[in-house]
Structure formats: C-alpha cells, structure tokens
Amino acid sequence: IGLGIPAEPLFRSSIPLVVRDLFGAEQISGSTLVYLVEGAIEGAPAATAEGNKKPQVHFADPTPKTVSLSKIACHIKESDEYIDDFPFLASAVNGRLLYHLGLVEQNTLVTSLLGTSGIQSDTTSWDGSSTATDIAELILKAAMDVQESSGFPADAIVMNPAIWYALRVAKNGDDDYYGGGFFGAQNIPNLWGIPVCVTPAVTDEQIIVGAFKTCGSVVSKGGVSVEATNTDQDDFVKNLMTIRAEERLALAVRRPAGFKKLVKAS
C-alpha cells in the first residue's frame, strides 16, 4: 500500500545542503535518457558597430550520451501497532528510512560524477605537506578554472568532513581562526564565498569544485515511492510492517568542464 506521506519535501528540509540539491533537477517518464555532452565554448562576445555582423558564441559539437536510471531502494520494519500513529510513522520514514536512502543516493551521485569523462582533474598540487592555506588557495584556483573552462562560475564545493575540519580550525600567526571563532559559526559552510557541502560521500583525499546547477542535473522518474506491507516473510504473524522506499535516478553531466576534482597525491 502507498502511505501517502509527503516524504521527499520533509526529508529534504532536514538536511540544509546535500549533494543532490547542488545539481539541477529534471523528470522523465522512461528508464533511459539520451542527452548531449556539450563541448568547449567557441567564440566570444565583442563590441560591434551598428549594422555589422555580430560574433557567434556556441559550444563545440555536442556528443550524445545514453544513461540508464538506477533504482535506489531500502526498507525498514516497524510494529503494526504504530502504523495508525501517523506522526510516528512520518518521523520513522523521514528520520530513518529516507535518511539512509539519501546517503546511498549521495554516494551514487558522487561516484557517477567522479567517473565522468571530461571533468577537470589535478592530482599533483595537493600532498601530505600541504597546509590548510595551500588547500584553500588550490580550491580557489579550481573555481577559477571551472569558470574559465565552462563559462559558468563555481557554485559549490564538495569535501569530506576531515578536510573541512582541517580548514575550519586553521589559524593565522596571531592564533586567530581564519574563519572566525567557534561562537561565530556559519549557518552554511562556505569557502571564498562558495557554499561547501560537507559529506563522507567523498574521501578525505578528494575535493570537488563545480558549477553544479548549470553543468549537471539529477534526472529522476516519479520521485520517491514509499510503500508498506505486512506480507513480507513472517510479518503477519509477528505483527510487523515492512516499509520500503525507492527511487529511479541518473546523473546527466552536460558540461564536464564545469567540474574539477582535486586528488591528494599519494
């Protein structure tokens, strides 16, 4: 049975910034998507006298790419005595079931993005001797590279909690925190004015800088489906309900140059 719980909005509001929210969003009715990977920008705007031919700006010949939507799913079990308690049921679905679904979703999107052909990469500039300042400056350089190569400014940075911790506690020569003291915490982490998504979906040897919203999108089919049954295995005789959540989605990276991954040198 469908539970009729507005699961997706409730779940999204519980986490201010997750990987999926960084990308654009699209819906399709089928199970596969053919999209165009756009090439480098050719041409540029220029001052043009009245009546003269205007310069052309376009992306190089696009390459079609086909992706199949992946089904991400999980389930939990609850006592059927609680099923009639809608507030409890909603909190169980949104607090546990969809949270874990979201964790797998994040890992899937990050893995897909890092495996995309054509994204920029730097595997030599960051090593064990790099300071927090070195890493911060490297991220700024990556943001500039993203804008230069794609034509769009970087709008997010994705990094592991360990890296964010190292940056956040870094101090200057006067022993002051670069990011301000612990009583001046930021509502949304940011670096160089760019929002930071802190997640273990990336390792502590990876950082992703990108124009997420304009250069990639999460394509889904029908949103999150939440259903429940008491006929799974011996649920009926044990007064249990199995609650399942699932979603079909894929990542479409139309401008790979809009992303740059920084990899710590081994």
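## Terms and basis

A residue is called buried at under 20% relative accessible area, exposed at over 50%, and partly exposed in between (1.4 Å probe, protein chains only). Helices (H or I, at least four residues) and strands (E, at least two) are DSSP runs numbered from the N terminus.

The model is predicted, so local features need pLDDT of at least 70 and side-chain atom pairs count only at pLDDT 80 or more, whereas totals for chains, interfaces and linings use all residues. Residues are numbered from 1 along each chain as its sequence is written, and side-chain values use heavy atoms, with hydrogens and water left out.

Strand β2 covers residues 32-37, and its side chains alternate between two faces.

Strand β2 is joined by six bridges to β5 (residues 63-68), and the two run antiparallel; strands pair if DSSP finds at least two bridges between them. Within this pairing, Tyr35 stands opposite Lys65 of β5.

## The four-stranded sheet

Four strands form an open sheet with mixed pairing, in the order β1-β12-β13-β6. Because β1 (24-27) and β6 (70-79) stand at the edges with a single partner strand each, one side of each lacks a neighbour in the sheet. From one strand to the next, the twist averages 30 degrees (axes are lines fitted to C-alpha atoms, for helices over the stretch in contact, and angles run from 0 to 180 degrees between N-to-C directions).

Strands β6 and β13 (residues 240-253) run antiparallel and are joined by 10 bridges. Lys71 stands opposite Arg248 in β13.

## Positive phi in loops

Trp192 is not a glycine, yet has a positive phi of about 55 degrees. Trp192 lies in the loop between β9 (190-191) and β10 (194-198), and its 47% relative accessibility makes it partly exposed.

Asn239 also has a positive phi, near 55 degrees, in a residue other than glycine. The loop between β12 (216-229) and β13 holds Asn239, which is partly exposed with a relative accessible area of 42%.

## A nonpolar surface patch

Trp192 forms a nonpolar surface patch with Leu140 and Met144, and together they have about 290 Å² of accessible area. Patch members have over 30% relative accessible area and no salt bridge, with nonpolar side chains (Val, Leu, Ile, Met, Phe, Trp, Tyr) joined within 5 Å and like charges within 9 Å. Areas come from the Shrake-Rupley method with a 1.4 Å probe, and for residues only the protein chains shown count as cover. A salt bridge is a side-chain nitrogen of Lys or Arg within 4 Å of a carboxyl oxygen of Asp or Glu.

Leu140 is placed in helix α4 (residues 132-150) and is partly exposed, at 30% relative accessible area.
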